[in-house]
Amino acid sequence: MIFMTGGTGFFGRALLRHWVAIEEVGLFSEEVGILTRSSQDFLDSYPEFSKLSWLKFFEGDVLEYSTLPRNTKIDRIIHAATESTNGAGLTPYKTYSDITTGTINILNFAVENKVRRLLLTSSGAVYGPQPETLEEIPESYLGIPDPLDPMSAYSMAKRASEHLCCLYNDLYGVESVVARCFAFVGQDLPLSAHFAIGNFIQDALYNNEINVAGDGTSVRSYMNQTDLAGWLVCLLNKGVAGRAYNVGSDHSISISNLAHLVRDILSPNKPVVFRNGDGGFQGRNVYIPDITRAKRELGLAINISLSQSIHQFLD
């Protein structure tokens, strides 16, 4: 069994859709277990997952070790439980504590159940600010977030989680692979959270104008969630233990051009409005991964373009 935390979130649903797709062509013969606080709430929201014979739910919370399943044979773990969508509502301390506690619990769970293979979904935020002289961040880049800034809690907790995986590999032989994830788009992306592309899509579909909170010079890239799922499964099965892999697209686009691209595809007649005076970011920043390692070592590729991803919201 593949046991997954965070299985009801964006990453989890992307993986479930991936497995459904390959099951339909006879290429999936696994059993998947998902840890969730309420399987019924999840299935009420996503009934398409209710009749999957290979999917099993375990009621529990990764922050409460006693609620993790017992007497279940597990081969591999995907630890993807992080409150990134609504994380802004947590204090920095709570953010750091939840991420690190969840990681420690799942690593102890792996040791107790003799699970030798684990995939940790980390974040490109572990690198700290990307220098403007660096077009893409490689895994070898050793920049870090400011550890004395409370707003670095998420990034520092992800760094700590990566190091915990390293320590448990050293102590107990838990073979951990780290996926440093960047930015994504797809049908499960929240449109009203803090994700720029989701906000633009919502504005294009439902509002009178597309609002950009800043000057639009920031540079980002977006991987489709279908590619994301395929990459995560590959890392789980074939990634080198003790190694980190950037997961994301290396096709960069400015936020200004992104807003106009969304507009041109979804609502050609709507204006794009820049809210420079509303406290948005002023000045350029960059967040683009170097994905050479994943391409060379594992043969991975970007199969779905950003334009194709946006077109999916017309369906």
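**Ground rules.** I'm working with a predicted model, where local features need pLDDT of at least 70 and side-chain atom pairs count only at pLDDT 80 or more, while totals for chains, interfaces and linings use all residues. Residues are numbered from 1 along each chain as its sequence is written, and side-chain values use heavy atoms, with hydrogens and water left out.

**Overall build.** I counted nine helices and 13 strands in the protein chain; these are DSSP runs numbered from the N terminus, with helices being H or I of at least four residues and strands E of at least two. Next I looked up the radius of gyration, taken over C-alpha atoms. It is 19 Å, close to the 20 Å that the globule rule gives for 315 residues, so the chain is as compact as a globular protein of that length. That rule is 2.2 Å times the number of residues to the power 0.38. I also noted that 51% of the 315 residues are buried (under 20% relative accessible area, 1.4 Å probe, protein chains only).

**Helix α4.** I checked the length of α4, residues 153–172: at 1.5 Å a residue its 20 residues should span 28 Å, and the end C-alpha atoms are 27 Å apart, which agrees. The expected span is 1.5 Å times one less than the number of residues. Which residues of α4 are buried? I found ten names, among them Ala153, Ala157, Leu164 and Tyr168. Their cover includes α3 (92–112), β5 (117–123) and β6 (175–181). Just after α4, I saw that glycine 173 takes a positive phi of about 75°.

How values were computed:
Buried means under 20% relative accessible area, exposed over 50%, partly exposed in between (1.4 Å probe, protein chains only). Contact means heavy atoms within 4.5 Å.
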